[in-house]
Amino acid sequence: MNKVTVTIHGREYLLSGDLPAEDIQSIAKQVDAAMDEIAAKSPMSSRADLAVLAALHIVEKIVEKENNAKQSESDRIKAESEEAQIRIKEYEEKLKELQNKVSEYENNFFDLQMENVRLKDELEKLKQV
């Protein structure tokens, strides 16, 4: 557990956490900046009000980032789905072509079998003469 002394809106706090000390300091600086920004706009607000407003502001940013990440993931999934649909159609067309070829080969094979039967019959007739 790391212990770090930080200054937030002019007051020192001893914080402890599992994060590296640099991360704890970075988070504290973000809270300090949010409180200072809000205090500049609302100089008569109490420290508690500033803290609540800063927390709301920070959480709003987090939610916005989460929503953007979800939208990006959704867009990626949609694009992959559309790409997969295109590939499926291409494969279906290729399958149809192959099925037509198989049908053509089957017809040719049948024709050859019939020709073979005809030639055998003709050979038998010639043998009997």
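Close-up 1. Glu115 is partly exposed, with a relative accessible area of 33%; partly exposed denotes values between buried (under 20%) and exposed (over 50%), for a 1.4 Å probe and protein chains only. In this predicted model, local features need pLDDT of at least 70 and side-chain atom pairs count only at pLDDT 80 or more, whereas totals for chains, interfaces and linings use all residues. Residues are numbered from 1 along each chain as its sequence is written, and side-chain values use heavy atoms, without hydrogens and water. Glu115 and Arg118 form a salt bridge at 2.5 Å, N to O, a term for a side-chain nitrogen of Lys or Arg within 4 Å of a carboxyl oxygen of Asp or Glu. These residues are about one helical turn apart because they are separated by 3 residues in helix 2; helices are DSSP runs of H or I with at least four residues, strands are runs of E with at least two, and both are numbered from the N terminus. Arg118 also meets Glu122 in a salt bridge, at 2.9 Å from N to O. Glu122 and Arg118 lie 4 residues apart in helix 2.

Close-up 2. Glu37 pairs with Lys41 in a salt bridge, their closest N and O atoms being 3.5 Å apart. Both residues belong to helix 1 and are 4 residues apart, about one turn of the helix. Glu37 is partly exposed at 40% relative accessibility, whereas Lys41 is exposed at 65%. The structure holds 6 salt bridges.

**Close-up 3. The largest nonpolar core.** This core has 11 residues, among them Val4, Ile24, Met35 and Leu50. A nonpolar core is a set of buried Ala, Val, Leu, Ile, Met, Phe, Trp, Tyr and Cys residues joined through side-chain atoms within 4.5 Å. Strand 1 (2-8), helix 1 (21-41) and helix 2 each supply at least two of the core residues. Helix 1 contributes the most, with 6 residues.

**Close-up 4. The backbone at His9.** His9 is found in the loop between strand 1 and strand 2 (11-17). Although His9 is not a glycine, its phi is positive, at about 50°. Most residues other than glycine have a negative phi.
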